[in-house]
Amino acid sequence: MRYSTNYDIGDRKRGQGINEDSVSLTVFEEGHRDGYRGQDRARSPNAPTAADEAGDGTAEAFDAATAADTADTETEETDPSDIDGDSRPMNRSAGVFVVADGAGGHDAGDIASYITTTIVAEHLAPVAIRTARSYPGGFDVDVARDVLPDPPGEQELETAVAEAITAAHREIIRYADETGTQSYTTVVAGIYADGKLHYGWVGDSRAYVVNGVRETISPLTRDHAVVQEWADSDEIDPVEAHVHPNGNEITRALGGSGYEDPDEATVEVDTRTVRLYAEDTVLATSDGLIDAQTDAPELYEEYVDSDHADAVAERIRERVVTDDEIRDVILDAPSLDAASREFVSLANDRGGKDNISVLMFADSALPETPESGGMPVRNIDPDIDVSERDTVIMTDE
């Protein structure tokens with residue numbers, strides 16, 4: 001499993017503010033016997049090596065000495081479909097990711113985002129590992145079912161994500177009550193296990209999946225924000241939504257003023273599950289990447305005053321960070337680490353209005369993307385006619 005994180009205070013706040021974002025990535029990487037045999041398929045000639053799977057410099061998730069030892073145990077009889085392009089055994093990965101974007105400064109948002117990333121990771125890491133443990137067949141291990149945990153269903157894992165986010169919400173309320181502050185944060189978080197992403201979100205932090213074979217980007221979340229509601233009801237068009245003066249107003253967040261009972265406080269969490277493929281890259285980001293430009297109000301006024309002129313609309317698209325541009329950064333970058341650096345540079349080049357945080361991961365041990373035919377719908381707002389969608393046979397492989 002490859003991964004990378006990067007974050008920056010943003011050019012506008014540099015020297016006169018703090019970074020209120022927080023990111024967390026917990027990776028469980030497992031090797032056994034001759035490597036992971038969960039996917040019966042030929043390996044891509046361009047597949048990353050086992051060393052690449054360790055991550056892009058943000059943490060060590062793979063023991064190089066162990067890799068060398070296991071490589072030495074291979075023989076010519078080893079099935080090429082069970083090893084990666086560098087003749088090393090494949091590992092199975094599971095993980096938990098969290099991105100939180102706090103609001104309120106030193107005494108509030110900074111603490112709220114930290115509480116969220118640590119509490120959510122603490123709750124979900126055991127769930128991710130237990131989920132991986134319930135599927136031993138990927139290593140050709142025959143374990144009696146009665147000694148294994150029951151494989152959790154999608155709804156059970158989505159509920160676990162929602163409960164972890166609610167636990168963070170309650171701890172922020174407790175902190176606000178004890179300190180007399182107003183403490184808020186957004187969050188997008190999830191569990192990656194058994195080839196699926198089970199995730200949830202509150203606020204306007206986002207998640208995407210970019211597929212390298214089909215060269216597509218699929219937004220996985222929908223902002224809990226005033227501007228999003230107006231766009232959904234066609235009160236404003238997509239160009240206005242990019243630069244609307246109310247773009248910083250969210251309708252849902254973790255935390256509060258401390259007037260709630262921290263043991264009973266609740267928050268509405270949206271959850272989903274999507275299938276992933278070997279050529280997918282998952283991106284989680286705070287709104288500092290998308291809402292980077294500092295001259296948004298002026299651009300909005302110009303667009304409205306021009307009666308939504310195409311020339312002004314095009315100029316706005318060139319000034320903001322669009323989903324297509326996010327896709328192109330990931331597709332063009334030589335590594336996830338390079339992509340994460342490019343995202344920070346891109347946001348600062350467009351104005352660096354807010355804190356910028358990005359987290360990405362990919363797993364080449366997954367099944368390859370179907371070259372043709374249907375794909376499971378992953379976009380939060382699919383624009384395909386359901387009547388025209390190809391049938392997709394879902395299997396556990």
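Biologist: For contacts in the chain with a separation of 6 or more, what share comes from residues 24 or more positions apart?
Modeller: Residues 24 or more positions apart make up 79% of those contacts, where contact means heavy atoms within 4.5 Å. Please keep in mind that this is a predicted model, in which local features need pLDDT of at least 70 and side-chain atom pairs count only at pLDDT 80 or more, while totals for chains, interfaces and linings use all residues. Residues are numbered from 1 along each chain as its sequence is written, and side-chain values use heavy atoms, with hydrogens and water left out.

Biologist: OK, and how many helices and strands are in the chain?
Modeller: The chain has ten helices and eleven strands, taken as DSSP runs (H or I, at least four residues, for helices; E, at least two, for strands) and numbered from the N terminus. Of its 397 residues, 53% count as buried, meaning under 20% relative accessible area with a 1.4 Å probe and protein chains only, while over 50% is exposed and in between is partly exposed.

Biologist: Which strands make up the open sheet, and in what order?
Modeller: Five strands form the open sheet in the order β1-β11-β10-β6-β7, and their pairing is antiparallel; two strands pair if DSSP finds at least two bridges between them. At the edges are β1 (2-8) and β7 (216-219), each of which pairs on one side only. On average, neighbouring strands of this sheet are turned by 15° against each other, direction ignored.

Biologist: How many bridges join β6 and β7?
Modeller: Strand β6, which covers residues 206-211, pairs with β7 over four bridges in the antiparallel sense, and in one of them Asn 211 has Thr 216 of β7 as its bridge partner.

Biologist: Which helix lies across β6 and β7?
Modeller: That is helix α9 (residues 323-332), which lies across β10 and β11 (356-362) as well and runs at about 55° to β6; angles run from 0 to 180 degrees between N-to-C directions, along axes fitted to C-alpha atoms, for helices over the stretch in contact. Helix α10 (residues 336-349) also packs on the sheet, where it touches β1, β10 and β11, and its direction makes about 20° with that of β1.

Biologist: At what angle do α9 and α10 pack?
Modeller: They pack at about 145°, and their axes are 9 Å apart. In this packing, Glu 325, Ile 326, Val 329 and Ile 330 of α9 meet Ala 339, Glu 342, Phe 343 and Leu 346 of α10.

Biologist: Which residues of α10 are buried?
Modeller: The buried set consists of Leu 336, Ala 338, Ala 339, Ser 340, Phe 343, Val 344, Leu 346, Ala 347 and Asn 348. These residues pack against β1, β10, α6 (287-290), α9 and β11. After α10 comes Gly 351, whose phi is positive, near 135°.

Biologist: Now Thr 285, is that buried or exposed?
Modeller: Thr 285 counts as buried because its relative accessibility is 0%, and it lies in strand β10 (residues 280-285). Leaving aside residues up to four places away in sequence, Thr 285 touches Val 99, Ser 205, Arg 206, Tyr 208, Ile 290, Ser 357 and Val 358.

Biologist: Last one: where is Gly 190, and what does it touch?
Modeller: Gly 190 lies in strand β4 (residues 183-193) and counts as buried, since its relative accessibility is 0%. Not counting residues up to four places away in sequence, Gly 190 touches Gly 95, Val 96, Phe 97, Val 161, His 198 and Tyr 199. The C-alpha atom of Gly 190 is separated by 9.8 Å from that of Ile 165, which is 25 residues apart from Gly 190 along the chain.
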